[in-house]
Amino acid sequence: MYKLLVVDDEEMIRNLVSKYAVFEGHSVDEAENGMEALEKCRKNEYDIVIMDIMMPDLDGFSACREIRKFSSVPIIMLSARSEEYDRINGFEIGVDDYVVKPFSPRELMLRIGAIMNRSKNTTVNEKAQKNEIIEIEGLKVDVTARIVYVDNKRVQMSPKEYELFFYLLRNRNIALSREKLISDVWGYDFYGDDRTLGTHIKLLRKSLGEYSKYIVTLRGVGYRFETP
């Protein structure tokens, strides 16, 4: 199974997540703050990190930003706040998922499994693919290398932004429901909250600049990447 690092200054939260994770067959390491989490990530290899935001010494956002300098380990952020700013900030620095407290431990375990399965499948698919280049006007996308150019300038995106963008590209000119996008890109059942999808669409449009015009909102349905 998986090796988890659970980071939270509340012992009760760490114990709760650890209890369910061990029950699912995972091994668990714990950290009380962002600084301790950073040191443990430097010394050990984890399959996924569960990180609280509000912590002493080093907050979750800062810890994630430092971890991303040397590791692409999947990170799920935990927060007692549900403001869009927090979600956008987390996704921009490379967080894979965002869970608001109080949360269902069972749902958290499902999200962990989905992220890990998605990560494995992405790695296998990328190894199997030949170099795939897609060019649309001033957009140039190297799908295999996960590189995007806008008017010959390289654009940096979070891992989930890349996945969402490439999924829209591969299914261009097809109407995609919110439920299908959540299921296929995030890999878990749709829970009726599409704020995560909406936030990533907003970030993606910002990254694409004038070419965000290709992402068409279908009211009451979802989105379509519409090209000539």
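Helix α3 (residues 60-67) has Gly60, Phe61, Ala63, Cys64 and Ile67 as its buried residues, where buried means under 20% relative accessible area with a 1.4 Å probe and protein chains only. These residues span an arc of only 165 degrees around the axis, so they lie on the same side of α3; the arc is that of the directions from the helix axis to the C-beta atoms. The model is predicted, so local features need pLDDT of at least 70 and side-chain atom pairs count only at pLDDT 80 or more, while totals for chains, interfaces and linings use all residues. Residues are numbered from 1 along each chain as its sequence is written, and side-chain values use heavy atoms, leaving out hydrogens and water.

**Surroundings of helix α3**

- The buried residues of α3 pack against α2 (34-43), β3 (48-52), β4 (75-79) and α4 (84-92), contact meaning heavy atoms within 4.5 Å.
- Helices (H or I, at least four residues) and strands (E, at least two) are DSSP runs, numbered from the N terminus.
- At the start of α3, the backbone nitrogen of Phe61 has a side-chain oxygen of Asp59 within 2.9 Å.

**Aromatic pairs**

- The whole structure contains 5 aromatic pairs, for which ring centres of Phe, Tyr or Trp (its six-membered ring) must lie within 6.5 Å.
- The ring centres of Tyr214 and Phe225 are 5.7 Å apart and the planes stand at 45 degrees, so this pair is tilted; planes under 30 degrees apart count as stacked, over 60 as edge-to-face and the rest as tilted.
- Tyr214 belongs to the loop between α8 (195-208) and β11 (215-218) and Phe225 to strand β12 (residues 222-225), so the pair ties together parts 11 residues apart in sequence.
- Tyr214 is buried at 4% relative accessibility, and Phe225 is buried at 0% relative accessible area.
- Ring pairs join Tyr162, Phe165, Phe166, Tyr211, Tyr214 and Phe225 into a cluster.

How values were computed. Buried < 20%, exposed > 50% of the residue type's maximum accessible area, 1.4 Å probe, protein only. Polar contact = N/O pair within 3.5 Å; in protein donor to acceptor, adjacent residues only side chain to side chain.
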